[in-house]
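Welcome to this short tour. Open your viewer, load the file, and let's go through it one selection at a time.

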Amino acid sequence: MSPFRKGLRTLVTSAALSLAGSLAATSAFAVDWQQAKGTELFLGMNKHAYTDAITPLIPEFEKLTGIKVTMESYAQDEFMNKRLVDLSSGAGTFDIVMMDQAIVQYAGANWIEPLDSYFSDPKVVDAAAYDMADFLPSMIKDGKVDGKLFGIPISGEAQILYYRKDLLDAAGVTVPTNMDELLAAAVKLNKPGETAGILLRGQKIHTAWNSSGFVWSYGGRIFDDPMKPTKATFDSPEAAAAITMYAKLLQEAGPPGVGNYTWYECVSDFQQGKAAMYIDASVFMSQIEDPSKSTVAGKIGYAAMPAGPKGAFANTGSWMLSMSSSSKNKVGAALFLAWATGKETALKVGESAGLGVRASVFESPAVQAKYPAEWAKATAKSMQSVNPEPGFPLITQIDEWLDIYGGAVNATILKQADAQTNLSAAAKKMDDVLARK
Amino acid sequence: MPRPVAALRQWLLPASFLAPALIVLVAINVVPLFYTVTTSFEDYYLPKVASRHFNGLGNYAELLADDRFWGALGRTLLFVTVALAIEVALGFGVALMLIRQKRLVGLLRGFILLPIIITPIAVTFVWRLMFSPTLGLLNYFLSFIGLGPLEWIYSPEQAMPALILVEIWQHTPELMLIIFTGLLTLPKEVIEAAVVDGARASQIFFAIKLPLLRPILMVGVLFRTIDLFKTFDLFYILTRGGPGVSTETLAVYTYTVGFSFLRLGYGSALALVLFLIILAASFLIVRWGDVRLG
């Protein structure tokens, strides 16, 4: 056999072998979960119901993949500082972090990794079992920046109305379905010194998300272009009417000192029976129904966000998981994301904590059996609204918006001026911030 | 040529002993300070690192026109002067009482020093719980004597006094300790001579004890002033500068601009202004108070 022929035969054989090998790999759709065996992952998490729910499941992942997972969780403010310092410096301590609306900043600065290539790679994610289409559209859209996937949603929430069935029955008040009924009910249920008529967040940064839902329901908009904001429009007459209502509810039927109320004060007050109604994110149900922390567990009714003149637009939000660009174990991190956000794990989290971002979780009989059916219906209904804008504006200067816009809402609650005056001054400031390079 | 070698040796030996300390000092003090100074002359927005550039006095010009800065400066001065005045007065009062105490001095001193020993962050969280208008312990106790409910840190008017209250509770013992130690070192003969000459208690205090104590007292005042200007943990945990901006001091505003708004250039300029104010205040106290440093 001539050397040439011998070489040719070797070439053909090896080509055929490798072809067969790759065919076998693709046809089986088998993800090799053990491919990053022996590596380590470090997770930076916010103290959140999701973190509590995923923690006991982590050993399953470690067993499946042979990857050792270390998880640190911090109180929200501290977590955000740690995450900022670690990711902006490229230190690479965290492989995976919990992500919120700051995703726009983080993606824009290339601190987090685009995930599309991992999730389309059959070696990492089994697309059929993972079922990306199962994510609720309003949730998965939060993880995308300029069309690219930077975060996978893990926990979703929407504004709903919590109310004390016993107090409403005793006062002969029907469950409010629109804002005017809400105000009338709140005033009627308000007993100064005992129970407040209604709770809403009043602290400046914390009012921003909650009051945005009011602005949309009154036909207002926060910014001109929901995808590329260039000008503040939260000083429109519609928005001013919405904020006037938001402030009026608190001024006429809120608890004393509501001007510095974050969700923490609202939830504690509601748990201790200090208020008759409360509008906030749907995730607080588990804390309010927990008999070890709450004196009102079992007495709560749930309804969707009351409608404004232009409909009911409950704000929605999501927490996501993102991968740090400085991670030294990106394949391991991608495997974790695929496992943690996959159908199976999502269902377990849904059952144990009532958190869901996948349609299959909300439809699951186990989830529907374990949590108040009214709550599931109210949350699902509030999540139906296709909001005109994202839950938090898609701008890099998000914290300045929280401060400026939230400050105007806060000043209105504190009666420092009327809504229109405060919002107009704030919109002018916001435009300067947006114009700044 | 023996002389230059000897001179070199004479210089090298002490230098090699000093070098480690100096290198550490430069690395952790001088370099960051220098970096803050240069950053304060830059337009530096963290999410847009690429467009970071020198902009001269731009940040300082913005600062002069920034109402929020002036408001924060005013609140800082109010917080520092009121808290300091009360802490000095209370510190004196407690120290003078303690020095007359014959028995259980050690035990009492231990109790008085408790607020310094407890972790500040943890104890501030406890204060936050106590301040709650609806569920807090303070309003619960006030209700027994027919007062309240007060809104404490939840109202724009009451928030600053409430913060000063916590600050005084936490840090008066420091001044008390310094004054107490100072009183112990006063020469007895002078005071006895004054008593023999028929001086009244108030005369002894203002004409003898106070002047003799001044250098020691002023060291305490200096430390407290620097600390008060920089106070951050208290504000961060209790109010975050709110409601509105009613408790936003320079330290809080600097943090917000730097770490929330991510405007590191402007934040550095604010930090530097705060630094210069503290430097000026310290200089005045050292000069006026006759403090001997080292």
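Predicted model: local features only at pLDDT ≥ 70, side-chain atom pairs only at ≥ 80, totals over all residues.

Stop 1: Select residues 35-156 and 317-374 of chain A and colour them; together they make up domain 1. How far apart are the C-alpha centres of domain 1 and domain 2 of chain A? They lie 29 Å apart.

**Stop 2: where the domains meet.** Look at the place where the two colours touch: 13 residues of domain 1 of chain A are in contact with 11 residues of domain 2 of chain A. On the domain 1 side, select helix H5 (residues 103-108) of chain A, which supplies the largest share, three residues. By class, that side of domain 1 has six nonpolar, six polar and one charged residues.

Stop 3: Switch to a cartoon view of chain A, and you can look for its 21 helices and 10 strands. The radius of gyration of chain A is 25 Å, close to the 22 Å that the globule rule gives for 437 residues, so chain A is as compact as a globular protein of that length. Of the 437 residues in chain A, 49% count as buried.

**Stop 4: chain B.** Finally, show chain B. Here 20 residues of chain B are in contact with 26 residues of chain A. The chain B side of this meeting place divides into 11 nonpolar, eight polar and one charged residues.

Note on methods: Residues numbered from 1 in each chain as written. Chains lettered and ligands numbered in written order. Contact = placed C-beta atoms within 7 Å. Nonpolar A, V, L, I, M, F, W, Y, C, P; charged D, E, K, R; others polar. Domains from an automatic or database assignment. Helix = DSSP H or I, 4+ residues; strand = E, 2+ residues; numbered from the N terminus. Rg over C-alpha atoms; globule rule 2.2 N^0.38 Å. Buried ≥ 20, exposed ≤ 12 C-beta atoms within 10 Å, placed from the backbone.
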